[in-house]
Each structure stands twice: as C-alpha cells, then as structure tokens.
Amino acid sequence: RPSEIAIVENATRAFDMGFHAIPFAAGEVILTSVAEYASNYLAYLRLAEQVGVAVRVVPNDAHGQLDTAALAALLD
C-alpha cells in the first residue's frame with residue numbers, strides 16, 4: 001500500500017532507519033560478515049556501546065566467501 005512506502009535519500013539512511021527500529025537488548029548478538037558495509041558496522045558498534053549487544057564477525061572460508069560452517073556454529 002502507498003502508506004507503507006518510505007522514500008529516503010540513500011540506502012545507508014534506509015538501513016539505519018530499519019536497524020534502529022529493532023528493540024535490541026543487552027546480551028543479544030549481531031552476526032555480520034567480513035565484507036559488511038562500513039557504515040552498517042559502525043551502527044553495530046554504536047549499539048554495542050550504548051545497549052550492550054555483542055557483535056560477532058563470521059569469517060570467510062578459503063575462497064573468500066562467508067564460511068557457512070562458522071555461521072552455523074555461531075548460530076548454535
């Protein structure tokens with residue numbers, strides 16, 4: 001519906017609006033990748049400092065892609 005559409009100046013601003021709408025609590029974990037967009041990662045770090053979430057980076061595999069086994073281990 002038209003009332004559900006938001007127009008913002010760029011993708012970074014859109015991400016920030018969505019991300020900061022999530023009610024994170026201390027002790028929760030944000031998983032991200034080695035290739036995360038820098039401004040997104042800064043938002044994670046800011047939230048870690050302000051709220052107490054943990055930020056964990058999923059490593060890459062030998063081919064430079066997200067290591068799905070490492071991701072699975074972090075999800076457990």
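1. Let's start at Glu 28. Setting aside neighbours within four places in sequence, Glu 28 is in contact with Pro 23, Val 53 and Ala 54, where contact means heavy atoms within 4.5 Å. Glu 28 sits in the loop between helix H1 (11–19) and strand E1 (29–33). Its relative accessible area is 36%, so Glu 28 is partly exposed; buried is under 20%, exposed over 50%, and partly exposed in between (1.4 Å probe, protein chains only). Glu 28 and Val 58 are 30 residues apart in sequence, with 16 Å between their C-alpha atoms.

2. A word on what you're looking at. This is a predicted model, in which local features need pLDDT of at least 70 and side-chain atom pairs count only at pLDDT 80 or more, while totals for chains, interfaces and linings use all residues. Residues are numbered from 1 along each chain as its sequence is written, and side-chain values use heavy atoms, with hydrogens and water left out.

3. On to the overall layout. The protein chain has three helices and two strands, and from the N terminus on they run α-β-α-β-α. The radius of gyration is 15 Å, well over the 11 Å that the globule rule gives for 76 residues, so the chain is more spread out than a compact globule. Helices (H or I, at least four residues) and strands (E, at least two) are DSSP runs, numbered from the N terminus. The radius of gyration is taken over C-alpha atoms, and the globule rule is 2.2 Å times the number of residues to the power 0.38.

4. Some whole-chain numbers next. Along its principal axes, the C-alpha trace spans about 45 × 30 × 25 Å. Buried residues make up 13% of the 76 residues. Of the contacts with a separation of 6 or more, 53% are between residues 24 or more positions apart.

5. What makes up the largest nonpolar core? It has six residues: Phe 19, Ile 30, Ala 43, Tyr 44, Leu 47 and Val 53. Helix H2 (residues 38–51) gives the most to this core, with three residues. A nonpolar core here is a set of buried Ala, Val, Leu, Ile, Met, Phe, Trp, Tyr and Cys residues joined through side-chain atoms within 4.5 Å.

6. Not counting residues up to four places away in sequence, Tyr 44 touches Phe 15, Phe 19, Ile 30, Thr 32, Glu 36, Val 53 and Val 55.

7. Arg 46 is also in helix H2. At 38% relative accessibility, Arg 46 counts as partly exposed. Arg 46 and Thr 32 are 14 residues apart in sequence and 14 Å apart in space, C-alpha to C-alpha.

8. Where is Asn 60? You'll find Asn 60 in the loop between strand E2 (54–58) and helix H3 (68–75). With a relative accessible area of 32%, Asn 60 is partly exposed. Leaving aside neighbours within four places in sequence, Asn 60 is in contact with Val 34, Gln 65, Leu 66 and Asp 67.

9. Last, take Ile 5, in the segment before H1. Is Ile 5 buried or exposed? At 62% relative accessibility, Ile 5 counts as exposed. Ile 5 and Val 58 are 53 residues apart along the chain, and their C-alpha atoms are separated by 32 Å.
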